[in-house]
Every structure is written in structure tokens, then in C-alpha cells.
Amino acid sequence: MGVAALRTQHLSKRYGGLLAVDDLTLQVAAGEVFGFLGPNGAGKSTTIRLLLGLARPTSGRAWIFDIDAADIAAAHRLIAHVPADVALWPRMTGAEVLDLLARIGPGVDTAYRDELIERFALDVTKPAGTYSTGNRQKVALIAAFATRAPLLVLDEPTSGLDPLMELEFRRAVTAARANGQTVFLSSHQLAEVEAVCDRVAILRAGQLAEVASVAALRRLHRTEVAATFTGTPPDLTGVPGIDGLHHDGVAAVRFTLDGSPVAALRALADADVATIAVREPSLEEIFLAYYGQDAR
Amino acid sequence: MSTATATTSAATGTTRARSSRVVAALAARQIYRGALVVTALCAGMSALVVTMYHSQALDPAALETLARNPAIRTLFGEPGALDDPGGFTVWRTGAFLTVLLAVWSSLAATRITRGEEDAGRWYLLLSGRTTLPDAVRGHLGVLAVVPLAAGAATAAAMIAAGAGVTGSLLHGAGLAGVGFFFVAVGGLTAQLFGSRSAANGAAAAIVLLGLLARMVGDGVTTLAWMR
């Protein structure tokens with residue numbers, strides 16, 4: 001096995017009485033798209049700060065391609081980063097910010113940057129002070145992908161993007177993977193993680209709960225269904241795929257759906273359904289259901 | 001040292017130099033407006049007072065009486081040479097310009113370091129190859145040029161308006177020294193305190209203490225050693 005793109009060993013960070021990251025040992029192979037998941041406050045952003053050398057670990061160490069993460073001048077020649085909250089210089093135009101980030105970053109593929117500006121539909125002539133959250137995020141994403149850095153560390157990179165731009169983001173991640181780059185993606189969005197990641201680490205209360213493949217993660221996936229009926233609700237007990245069945249009054253039921261929905265839909269079709277709501281629970285809700293309320 | 005190591009070190013040195021230039025340009029962009037105003041005020045006010053001294057006939061006796069007034073002395077300081085255009089200008093504008101430069105220098109230092117970090121803009125900057133000490137040094141280094149420019153512009157303007165060369169240069173150097181000191185004070189409080197407002201408060205307290213000490217020294221004869 002070659003050099004790991006990212007490696008931590010017994011990494012811990014304490015802020016006063018709070019242990020934000022607790023004994024984290026993790027390894028991400030070069031060329032991998034790695035998801036980093038966990039509820040709010042689980043320690044994801046702190047871990048990223050430690051990986052970027054922007055915070056000093058209380059104990060343990062981290063390496064970027066075998067370079068100590070604390071050696072910022074050397075390690076940051078191999079990293080591009082998108083923070084969760086992107087703050088830009090308000091008087092600079094988008095083009096000026098991109099130019100600034102290109103000059104302080106590990107390099108830039110200007111042709112690819114121009115292509116990304118087109119694809120993300122960003123007007124770079126406007127001052128950054130007029131940009132929405134999504135547009136600020138686009139600037140940081142374009143700057144990061146255009147570096148062609150061997151390691152991309154992305155912290156909630158699509159939280160302000162619309163669905164169309166999320167698709168562009170996924171395309172850019174796929175292109176980075178094809179280019180041999182490693183992507184470390186911290187996210188809340190299950191669909192995004194499922195779409196682009198090879199493996200996933202789950203963090204809770206600062207500790208590594210699990211490192212799993214995306215296929216294993218899919219087993220956590222549940223769909224919530226709520227239905228009301230004009231008459232008596234059908235008996236859904238024992239219907240394949242239905243779990244957690246609750247009756248809300250005499251004419252409403254709630255349940256979670258796992259796997260194929262065919263049997264459940266057939267059972268519902270035979271009844272007089274008045275309304276039906278199908279909801280995808282957030283990853284956080286899945287975590288809480290899976291790991292219990294002490295997940296934080 | 002092997003050739004490969006030497007090449008890597010040279011490359012790191014080049015990239016660091018390049019990112020230092022970028023940081024310096026960013027800092028300059030953030031302060032140039034204020035810097036121009038402060039420099040213009042220092043030079044313009046000084047030149048104006050020198051010109052007015054030449055063009056308007058002042059009553060030396062009345063001026064001496066005025067300067068001996070404890071309240072006036074507390075505000076403007078002890079006059080050194082009221083019979084000289086440069087000496088009069090320093091007495092008339094020195095305290096104001098010193099406070100102006102001190103306040104602006106310390107506020108600008110906290111704004112472009114702690115303020116930028118608080119706003120989250122340095123997160124992107126530090127994601128690149130710039131380290132935090134490099135970013136702080138780069139920003140304060142550029143800011144430190146402003147008092148030098150203000151001092152030099154003041155001296156040049158006074159000389160051009162007809163004041164003595166040595167005195168004008170000394171006054172310019174004094175202004176630059178105060179500006180330097182308060183760039184350092186602002187830079188220090190920005191690193192010692194976790195928020196820009198707290199850093200500003202601490203820097204303002206130092207400006208006020210300095211001003212108060214000067215006023216007490218100028219106003220109370222028994223504390224004249226403080227002047």
C-alpha cells in the first residue's frame with residue numbers, strides 16, 4: 001500500500017472541559033473519496049482544523065501524505081480546503097478572490113477554473129459582499145477544485161447550494177477522483193455521501209464510531225411514511241419492509257420503510273388512502289435512531 | 001544537504017516569498033484608504049499651520065501668556081520654540097496628530113488581524129501556504145509603513161512650507177515612532193485577546209493612559225519630570 005493521503009494517530013483535542021476529539025485514529029488512502037459524518041458538535045470541524053494544522057492537538061498526531069500536519073508550509077502544498085462557513089473579502093470581486101486564493105494555494109489550473117466558473121454559473125465580476133451564502137461557497141469550491149491539489153478537504157461544502165449546483169459539485173468530485181485526487185468530505189447529506197463516497201467514517205461525541213463502506217451505510221437508510229385514511233387503516237403488521245409501525249388515532253399510521261416498497265404500497269393501495277407523506281430522514285436523525293440519543 | 005533537499009527548500013522558499021507578497025498586497029488593500037487620509041491630515045495640517053504662521057502676524061507676548069496657561073499647557077504640552085514656525089506648529093498640532101496616529105494605528109492593527117480572523121476570512125487565507133505567524137507579520141509589517149510615511153510626509157510638508165529642516169525631521173521621526181509603537185500595541189492586544197472589541201479596548205486604554213500621563217506631566221509642575 002502506498003502513502004496514505006491522510007492519517008491520524010490517537011488524535012485528541014480538548015477545549016477546557018470539553019473533549020472535542022477523542023483518540024481518533026484514521027487512515028484515508030490516496031485516490032479515495034472519504035466521507036466524514038456525524039451530528040452537529042461531534043467534532044468534525046475540529047478534526048479538520050487539526051488536519052489543517054490550524055489547531056494544535058492536545059495529544060496524538062496527524063499526517064498529510066506522511067508530512068506532519070503541523071508543518072503547514074509543506075503540508076498545505078498538497079491540500080485545498082473548503083470551510084463550512086465561507087467568508088470572503090467584501091470589496092473584492094469574485095475574480096479577485098479567486099486570483100488571491102490561487103496565489104496563496106498549492107497552484108491553479110486556470111483553464112479548469114474557467115470551466116468551473118461556467119459550470120457553477122458564478123458571476124465573478126460582482127463584489128463578494130453582494131454574494132449569497134451559496135455563491136460564497138461556489139467561490140471556495142471553484143478555488144479548491146481548480147488547484148488540482150492531491151488532497152481536497154471539504155467541510156459541509158454544499159450546505160448553501162441549490163440542487164442543480166449540488167449535481168455540479170458531485171461531477172467535480174467524480175472528476176477529482178478520476179484525476180487521482182483524494183477527497184475528504186465532511187457532510188450531513190446522506191444522498192451526497194452515498195453518491196460520491198467510497199468509504200465513510202462516523203464520528204460521535206468526538207470518537208470514531210465506525211468506518212464503513214457506503215454499501216454498509218445504506219443499511220442505515222430508512223424512509224419515513226405517514227398516511228391517513230378515509231376509512232379503517234389496513235393491517236400493516238408483518239408487511240415486508242415496514243418497521244416501527246405507529247397508529248396516530250384511528251385513521252392515521254406512521255412507519256419506516258426499509259428496502260423494496262412494493263409490499264407496503266400494495267397494502268396501502270387496498271385501503272382508502274386520504275393523504276400520504278414520504279420523508280427521507282436526515283442523516284442526523286438516522287444517527288440518533290441508530291446510536292441512541294447520546295450520539296452527541 | 002542533498003540536491004533533492006536543496007531543491008525542495010528552494011521551492012518552499014520561493015512559494016513562501018510569493019505568498020508573503022500576496023499577504024502584503026492584501027494588507028495594503030485593506031488599509032490604503034485610511035492610510036492616505038491619516039498621512040494627508042498629518043502633512044496637510046502641519047503645512048497649513050507653518051504657512052499661517054508666516055502669513056499672519058502673531059503677538060509673541062499674548063502667545064507666551066496663552067502657552068503659560070495651565071489648561072492650555074495640559075492640552076497642547078509645553079512649547080519649545082513659539083518664535084519659530086516649526087516650533088509653533090509642533091506645539092499647535094503635535095498632540096492632536098500624535099493621538100490621531102496612535103488611535104488609527106492601533107485600531108487598524110486589530111482590524112486587519114483579529115478582526116479578519118474573527119470574520120472568518122483568515123480561515124481561507126490560512127488554508128493556503130500562509131502560516132498564522134506569517135499572516136500576522138505580513139499585515140503588521142505593511143501597516144508599520146504607514147507611520148513612517150505619515151512622519152516623512154509631515155516633515156517634508158513642513159520643510160516645504162518653510163519650517164526648519166532639523167526640527168521638522170525630528171517631529172516627523174517622533175510621529176513615526178508613536179505610530180510604530182501603537183501598531184505594535186494593536187498587534188499585541190489582537191493576539192492577547194480573543195475578540196476584536198476586547199483588543200480595541202485594551203489598545204485604547206494604553207492610548208488613554210499615555211495621553212493622561214502626558215497631560216499630568218504637562219499640567220502639574222511638580223511632575224514635570226514626566227514630560
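What follows is a short chat about reading a predicted model with a chain A and a chain B.

Me: Let's start with chain B. How many helices and strands does chain B have?

Reply: Chain B comes to eight helices and zero strands. Read from the N terminus, its elements simply go α-α-α-α-α-α-α-α.

Me: And what does the C-alpha trace of chain B span along its principal axes?

Reply: About 75 × 35 × 35 Å.

Me: What share of the residues in chain B is buried?

Reply: Of the 227 residues in chain B, 42% are buried. Take the contacts in chain B with a separation of 6 or more: residues 24 or more positions apart account for 74% of them.

Me: Okay, now helix pairs. How are two packed helices described?

Reply: You give the angle between their axes and the distance between the axes. The crossing of H6(B) and H7(B) is right-handed.

Me: Which classes of residue make up the contact of H6(B) with H7(B)?

Reply: It divides into 19 nonpolar residues, seven polar and no charged.

Me: Can we do a pair in chain A too? At what angle do H4(A) and H5(A) pack?

Reply: Helix H4 (residues 110-119) and helix H5 (residues 133-146) of chain A pack at about 150°, and their axes are 9 Å apart. That angle makes H4(A) roughly antiparallel to H5(A). Their crossing is right-handed.

Me: Which residues make that contact between H4(A) and H5(A)?

Reply: From H4(A) come Tyr112(A), Arg113(A), Leu116(A) and Ile117(A), while H5(A) brings Ile142(A), Phe145(A) and Ala146(A). By class, the contact of H4(A) with H5(A) has six nonpolar residues, no polar ones and one charged.

Me: Last topic: the two chains together. How is the size of an interface often given?

Reply: Often as the accessible area lost when the parts come together. Here, let's go by residues in contact: 19 residues of chain A are in contact with 19 residues of chain B.

Me: Which elements of chain A give two or more residues to the side that touches chain B?

Reply: Helix H2 (72-75) and helix H3 (94-104) of chain A. H3(A) gives the largest share of that side, four residues.

Me: And how do the residues on that side of chain A divide?

Reply: Into 13 nonpolar, three polar and three charged.

Definitions and conventions: Residues are numbered from 1 along each chain as its sequence is written. Chains are lettered from A and ligands numbered from 1 in the order in which they are written. This is a predicted model: local features need pLDDT of at least 70, side-chain atom pairs count only at pLDDT 80 or more; totals for chains, interfaces and linings use all residues. A residue is buried if 20 or more other C-beta atoms lie within 10 Å of its own, exposed if 12 or fewer, and partly exposed in between; C-beta atoms are placed from the backbone. Two residues are in contact if their C-beta atoms, placed from the backbone, lie within 7 Å. A crossing is left-handed if the near helix is turned anticlockwise from the far one by less than a right angle, and right-handed if clockwise. Ala, Val, Leu, Ile, Met, Phe, Trp, Tyr, Cys and Pro count as nonpolar, Asp, Glu, Lys and Arg as charged, and the others, Gly among them, as polar. Axes are lines fitted to C-alpha atoms, for helices over the stretch in contact, and angles run from 0 to 180 degrees between N-to-C directions. Angles under 35 degrees count as roughly parallel, over 145 as roughly antiparallel, 65 to 115 as roughly perpendicular and the rest as oblique.
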